[in-house]
Amino acid sequence: MKLMDRIGKEWIFFDGAMGTMIQKAGLQPGEFPETWNLSHPEALIQIHRAYLDAGCHIINANTFGANRLKFNNVEEIVSSGIQLARKAIAQSGRKDAYVALDIGPTGKLLEPMGDLGFEEAVSIFAQMVQAGKEAGADLVLIETMSDGYEAKAAVLAAKENCDLPVFVTMIFDENQRLLSGGSIESTVAMLEGLGVDALGINCGLGPVQMMPIVKKIVEISSLPVIVNPNAGLPRQEGTKTVYDLSPEEFSMAMKKIAGMKVQILGGCCGTTPEYMEKMIKEVQVVPCHENTFKTDSWVTSYSKAVKIGDVPVVIGERINPTGKKRFKTALMEQDFDYILSQALSQEEAGSHILDVNVGIPDIDEADMMPKTILKLQSVTALPLQIDTSNVKALEKALRIYNGKPMVNSVNGKLENMEQVFPLIKKYGAIVVGLCLDEEGIPSNSEQRVKIAEKIIAKAGEYGIHSKDIVIDGLAMTISSQKEGALVTLDTIDKVYHRLGCSTILGVSNISFGLPRRELINASFLTMALSRHLSCAIINPNNEPMMQAYYSFKALMTLDPNCEEYIEVFGNSKEEAVRMEPAIDLSYAVEKGLMEQAREDTRTLLKDKKPLEIIDTYLIPSLDKVGQGFEQGTLFLPQLLMSADAAKASFEILKDSMTKETIQIKGKIILATVKGDIHDIGKNIVKVMLENYGYEVIDLGKDVDPEVIVKTAIKEDVSLVGLSALMTTTVTNMEATIKALHQYKPDTKIVVGGAVLTQEYADKIHADHYAKDAMATVRYADSLFVK
Amino acid sequence: MIDVSRKEVYRYLGYGYQIPDAVIQKRVEEAICQFESCQPRHVVREFDLKIHENRIEFESLCIQSRDLLKNLKGCTKVVCMATTLGRFPDHLIQRANIVNKADAVIFQAVGAAMIEAYTDHINAQIKEEALKRGYYCHPRYSCGYGDFDLGYQKDFIRILDMPKTIGVTLTEGNLMVPYKSITALIGLSKETMEKSENSCAACSQKDCIYKK
C-alpha cells in the first residue's frame with residue numbers, strides 16, 4: 001500500500017535516533033556517521049532492523065549529512081545508505097515499511113546573511129535527491145532544519161528531481177521560533193505553499209516541551225503533521241550527553257501528543273528502538289484522524305506572517321518607479337540604499353506588506369526583481385508583494401523569495417493564467433486576480449465578478465485554492481469614468497459575498513487628475529473598507545490614508561479597545577508642535593539633526609539654487625565636523641550623525657537638480673575584500689565620500705578581485721578603496737592590489753580596516769593607508785581636487 | 001538580562017575613556033533597549049586534554065599553537081564554548097546602515113560589548129562549576145588570538161554542532177555568522193595559576209586603538 005494512502009487512516013511511525021545508535025556502536029569523535037555506510041554496513045543494517053522490529057514504518061537512511069560540502073563521493077554514500085535500509089527491510093520481512101532519503105541542513109547560512117548562494121544550496125540538495133531516487137528511496141525527509149529558507153532550497157531540490165513524497169520537519173525552540181526567527185505560521189504557510197506532503201517538528205526539544213508547538217501546527221496546517229522529539233532535554237554528564245526521559249515517560253508524553261490530532265510519530269536524539277517500541281504500544285490505542293482543511297490564508301516573510309481576510313491590511317505602494325523620477329534614477333544606477341530606504345519608511349508608517357515593482361523600460365527586470373527582493377529581505381521582515389507582468393522576473397523572484405509572497409498579478413486572459421498559475425502552484429503564493437480579460441475591463445460589476453469566477457475556477461484546475469486568491473476590483477479614475485468608484489465598490493462587495501474571496505484595490509488610482517487627491521483617496525478607502533476590502537494598496541506615508549485606515553478599524557471593532565488607534569495617535573499632540581522652521585541648515589548638519597536638515601533644505605530651496613545651498617551650507621559644515629573629528633574633539637558617532645543629516649539634505653537637493661548640474665569630483669570604487677563580510681567600515685567611508693561629492697561604485701562585501709579589476713577597467717576608475725577587518729583576509733587584499741596594479745596600473749589603491757597599519761599597507765603595496773573615513777576623503781581630495 | 005558595560009560601548013565607539021555628550025549617550029541607551037530583543041545562546045562541552053611538547057590534543061583535534069600551549073600549561077581538561085546574540089543584531093545593523101550610519105556604529109559597539117558581557121557571564125558559570133569539582137579555569141582563548149589559527153573555527157563548529165545548537169555558521173573565510181558570536185577554549189587545571197594578565201596585555205598587536 002502506498003504510504004500517502006495510509007496516513008491519517010492508521011498511525012505511521014518514524015524510527016528513532018540514528019546518531020545515538022551509531023555512537024553506541026563505536027563512532028569515533030571527528031568521524032562522519034555517513035562514512036559508516038561504506039565501512040560498517042552490517043552495523044547499520046542492525047540498527048535499521050532494530051527499529052523495524054520495534055514496529056517503525058519509516059526508516060531513515062544514514063544520509064543526513066551526505067552532501068558535497070562534506071563528501072566528494074555523495075552518490076556512493078547516499079546510494080549505499082539507501083541500499084542498507086532496503087536490505088534491512090528485506091531481512092525483516094516487513095511489507096509495510098519505507099525508506100526515507102534523509103536530508104539534513106548544510107551547516108552553512110544562505111545569502112544574503114551568510115555566503116551560501118540559494119541556487120548553490122538547491123544544487124547541493126539536488127545531488128542527494130538524484131542519488132537517493134536512483135537507489136530506490138520511497139520518500140524524502142528533510143529534517144532538523146532551523147532555517148525556513150534552507151528548507152525551501154531542499155524542498156525545491158526534491159520536487160524538481162523526483163516524484164517521491166516530501167516530508168519536512170523543523171526545529172522550533174520553546175519560544176515557538178526557528179533559529180532563523182521563523183514563526184510557526186510563516187514556516188507552515190511557506191512549506192504548504194511549496195507543496196510538501198507532510199510537515200512537522202523534530203529535535204531541539206522533548207515531547208513535553210513540544211506540545212504547545214504541536215498544538216499550534218495542527219491549528220494552522222492542513223497537512224499530515226509529524227512529531228519526532230528528542231528523548232527529553234539534554235544534559236552533560238562528564239563528556240557524554242544524556243536525555244532526561246525514560247522510554248516509559250517518553251511514550252506517555254507521545255500518547256498525549258497522539259491525542260492532539262497529529263498523524264506521524266517518531267523520535268530524534270537520544271531515542272532508541274526501546275523508546276519506539278514502547279511509544280508504538282501506547283499510541284496504537286489512540287484513534288487516528290486525518291488533519292482538517294484550514295481556511296486561513298497567509299502571506300509571509302522569513303519571520304512574519306500576515307493573515308489575509310477579515311481584518312484589512314495595508315500594502316505599501318511606494319517601491320514603484322511609476323511617475324517617480326528619483327526612483328527611476330535609483331533603479332538605473334542600482335542605488336539600493338535609496339530603494340531600501342523607501343521600504344523602511346513604509347514599514348515605519350505601518351505597512352503590513354510591501355508591493356515591489358521595478359519595471360521601467362531599459363532595465364532587465366528579470367535581473368533586477370530578484371536582486372531587489374533579496375536586498376529588501378535583508379533589511380525588512382515585512383512580507384512582499386511581487387508586482388510584475390514579466391513572467392521570467394516573476395519566476396526568479398518567487399524562487400529566491402524567503403517565505404510565501406503575494407503576487408501582483410494574474411488576469412482573466414487565458415494565456416496569462418496559463419503562464420502564471422503553474423508558478424503559483426510550484427512556489428506557493430497568494431495571487432492577485434485582476435478583473436479584466438481578453439475583452440478588456442468590464443464597465444459593470446456583474447461582468448467583473450464573472451471574470452473573478454473564471455480566475456478562481458482556472459486556478460482550481462491547477463490545484464490552487466481560492467483562499468490563495470485575492471480579487472482586484474480595479475479602481476478606475478473617477479475624473480474620466482464617472483461611475484468608476486461605484487462599480488469598483490460593487491465588485492468587491494459581490495466578490496466577498498458571492499465568492500467568499502478576499503479583495504484588493506490600488507486605492508490611489510481613483511483620484512487621478514484631481515486636486516487634493518488625498519481627500520478623495522481617504523474617503524474612498526473608508527468606503528471600500530466598509531465593503532469588505534481585505535488589502536489596501538496605498539501610500540502609508542500619506543497621513544490621511546493611515547488615519548482613515550486606523551479609524552475604520554477602531555469603529556468596526558477590528559481594533560479591540562482601540563489599542564492600536566491610541567498607540568498611533570495617542571501622542572500626536574506633541575508631534576503637532578512643529579519644529580521651528582529653518583534656523584540654519586549648517587546648524588542642523590553640524591548637530592546631526594536629520595529631520596531638521598530636511599526641513600531647512602526645503603525652506604532654503606524656495607529662494608536659493610541647490611548648488612548655492614551646497615556651497616554655503618553643506619560643504620562648510622561638513623568640513624567643520626570633519627576637522628573636529630580629525631582633531632579628536634568630535635567622535636565617530638557625531639561625524640556620522642552629521643553625515644546622515646547632510647545626506648538627507650543632498651537627497652532633497654538631488655530631486656531638484658538635473659544630472660548635468662550635479663557636480664561630481666570623481667568616481668571611486670569601494671569594496672570589502674574577498675572572504676570578508678564585515679562592511680560597516682566600508683559603508684562609513686561611502687557616505688563620507690558621497691557627501692564630499694564623489695560618485696561611489698559600491699561593490700559590496702566579499703568581493704572577488706576579478707570583479708574589482710573588471711569594474712575599475714570598465715568604469716575607468718582611478719581610485720579604489722579596499723577594506724578588510726581580519727588578518728586572514730588581508731591576504732585577499734594583497735591579491736586584489738596585485739591584480740589591480742597589473743591590469744589597471746594607473747589606478748591608485750587606498751586601504752583601511754581594523755587590522756591594517758601603515759606598515760601592513762606598505763607591505764601589501766597599497767598606494768595609501770587611511771586610518772579612518774576622513775583620512776580617505778582627504779586622500780581622495782589630494783588626487784581629484786587640483 | 002545582560003549587563004552591558006557603557007564604558008566598553010564608548011570605548012568601541014572610539015571615545016577612549018571619555019564620556020560622550022548627552023545626545024550620543026541617549027542613543028546608546030536606546031540601542032541597548034533594542035538589544036534586549038536578542039536571544040543569546042551558548043553551547044559548552046568539556047573534553048580530556050593531552051598536552052605534548054609542541055601540540056595539544058583533545059576530542060579528535062591536534063592543535064599546534066605556541067601561544068595556546070602557554071595558555072593551557074598545566075591543564076588536564078578543556079572546555080569548548082561558543083556564544084552568540086543570534087541574528088537580531090545583524091538585521092538591526094543592516095537596517096541602520098540604510099538610513100542611519102551613526103546608529104549602525106552604535107549598534108555595532110553595543111553588540112560587541114554585549115556579546116563580551118554574555119560570554120563573561122557564561123565563562124563565570126563554567127568557572128564556578130569547575131571550582132566545585134576542584135578545577136581552576138585559565139583565561140579563555142579564542143582562535144585568531146596569537147598563533148592559534150582561525151582555521152580551527154571549523155573544528156569548533158563541528159565539535160559543538162554550532163549550526164544546530166546555537167545557529168552559528170562559518171563563511172568560506174572562516175568568519176562566523178551571525179556576526180556577534182564568540183568561540184573560545186578554557187583550560188581547566190588542578191592548580192591555581194599565577195595572576196592572569198589582562199587580555200590586551202597578552203596580545204601581540206601593540207598599536208591597537210581599542211587597547212585597554
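How many salt bridges does the rule find across the interface of chain B and chain A? The rule finds four, a salt bridge being a side-chain nitrogen of Lys or Arg within 4 Å of a carboxyl oxygen of Asp or Glu.

This is a predicted model, in which local features need pLDDT of at least 70 and side-chain atom pairs count only at pLDDT 80 or more, while totals for chains, interfaces and linings use all residues. Residues are numbered from 1 along each chain as its sequence is written, chains are lettered from A in the order in which they are written, and side-chain values use heavy atoms, with hydrogens and water left out.

Select B:Arg95 and A:Glu347. They form a salt bridge whose closest N and O atoms are 2.9 Å apart.

Next, select the whole interface. Chain B brings 49 residues to the contact and chain A brings 52 (contact: heavy atoms within 4.5 Å). About 4500 Å² is buried between the chains, 61% of it from carbon and sulfur atoms; buried area is the accessible area (1.4 Å probe) that two parts lose on being put together, summed over both. Within chain B, the residues losing the most area to chain A are B:Arg87, B:Ile98 and B:Lys101, together 16% of what that side buries.

Finally, select B:Asn123, in helix 5 of chain B (helices are DSSP runs of H or I, at least four residues, numbered from the N terminus). B:Asn123 counts as buried because its relative accessibility is 11%, the cut-off being under 20% relative accessible area (1.4 Å probe, protein chains only). Leaving out residues up to four places away in sequence, B:Asn123 touches B:Met81, B:Arg140 and B:Ile186.

Notes. Helices (H or I, at least four residues) and strands (E, at least two) are DSSP runs, numbered from the N terminus. Buried means under 20% relative accessible area, exposed over 50%, partly exposed in between (1.4 Å probe, protein chains only).
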